[in-house]
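Please look over the sequence and the structure before reading on.

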Amino acid sequence: MMNRVSQEFARFTAWSAIAGGLLAYVTAGLLMAVTGWDPQSILHGTTMLSLPEQTRDLFRWAMLVDIFGFYLPILVIGGYFWHAFGPRTGASVHVAVLAMAFYVTVGISGASIQQAVVHPLSQLYTAGDATTKAAAVTAWTTIAHAAQGGLWWCEGPAVLLWTLVVGKQLRMDGWRGSLLLQISGWSCGLFFLSGFFPSFGVLTSVSGMVVASMLPLWMIVFGWQLRQRSKQQLGQSVGTLA
């Protein structure tokens with residue numbers, strides 16, 4: 001039975017998951033407004049640095065919303081899993097939560113770096129001579145590849161690990177939507193493997209799109225269920241005290 005602190009944290013986790021899932025879809029919309037149907041254009045320095053200031057602002061907003069959509073809510077969810085499942089399942093869930101923390105760390109790092117440098121480099125590109133322009137383009141291309149093809153790429157094994165462990169536990173405990181979570185995990189693992197080989201670029205893009213659509217949906221489904229369960233357990237507690 002949940003005590004008061006546990007009930008409050010469960011409600012906070014539920015709303016964090018729901019809000020995070022919705023914000024993740026907002027991130028996708030903002031990025032589409034920046035790149036259209038060509039997300040790879042973010043990796044092209046000349047394209048990104050020559051965008052209008054308002055469009056670059058949209059990109060910075062996308063990175064900020066990404067932090068509050070795909071990443072920080074996962075940290076809260078991980079804390080809930082540690083508290084709810086850790087005493088019963090032991091090391092496996094603890095390792096999964098550590099993998100979630102790693103995912104959040106590298107994800108926020110990638111988003112923060114890109115939003116921090118896009119404006120300064122664009123100003124250098126706009127005001128500089130040919131040498132300065134080339135240096136700015138090289139800097140952005142390097143940073144974007146390091147963030148998206150390095151930091152975000154290495155999220156793959158961590159996400160695969162925690163989604164498989166957590167998905168199994170949720171399914172055993174009667175939660176709905178664990179399949180969405182595990183599809184996200186396997187797709188993220190595929191994203192990691194295919195992303196290492198440039199010739200598999202299409203597969204990398206498709207698997208990334210699956211993760212970007214399935215993981216936020218699972219967050220919303222999980223948050224809604226946790227909210228309902230928290231209400232039920234609170235009602236049971238009140239009934240017991242009465």
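Is methionine 100 buried or exposed?

Methionine 100 is buried, because its relative accessible area is 1%, where buried means under 20% relative accessible area, exposed means over 50% and partly exposed lies in between, with a 1.4 Å probe and protein chains only. This is a predicted model, in which local features need pLDDT of at least 70 and side-chain atom pairs count only at pLDDT 80 or more, while totals for chains, interfaces and linings use all residues. Residues are numbered from 1 along each chain as its sequence is written, and side-chain values use heavy atoms, with hydrogens and water left out.

Once neighbours within four places in sequence are set aside, methionine 100 is in contact with Ile74, Ile77, Gly78, Phe81 and Trp162, contact meaning heavy atoms within 4.5 Å.

## Helix H4

Methionine 100 belongs to helix H4, which covers residues 91–127; helices here are DSSP runs of H or I with at least four residues, numbered from the N terminus. The end C-alpha atoms of H4 are 55 Å apart, which agrees with the 54 Å that its 37 residues should span at 1.5 Å a residue, the expected span being 1.5 Å times one less than the number of residues.

H4 also has a kink of about 35° at valine 118, shortly before proline 120, where the bend is the angle between axes fitted to the seven residues ending at a residue and the seven starting there. From methionine 100 to leucine 121 there are 21 residues in sequence and 32 Å in space, C-alpha to C-alpha.

The largest nonpolar core has 54 residues, of which Phe81, Tyr103, Trp140, Trp162, Leu170, Trp218 and Phe222 touch the most other members. Such a core is a set of buried Ala, Val, Leu, Ile, Met, Phe, Trp, Tyr and Cys residues joined through side-chain atoms within 4.5 Å. H3 gives the most to this core, with 12 residues.

Phenylalanine 81 is in contact with residues beyond four places in sequence, including Met100, Leu170, Trp218 and Phe222. H3 shows a kink of about 35° at histidine 83, shortly before proline 87, and just after H3 glycine 90 takes a positive phi of about 75°.

## Glutamine 182

Glutamine 182 is found in helix H7, residues 178–195, and counts as buried at 15% relative accessibility. Not counting residues up to four places away in sequence, glutamine 182 touches Thr163, Leu164, Gly167, Lys168 and Arg171.

Key: Helix = DSSP H or I, 4+ residues; strand = E, 2+ residues; numbered from the N terminus.
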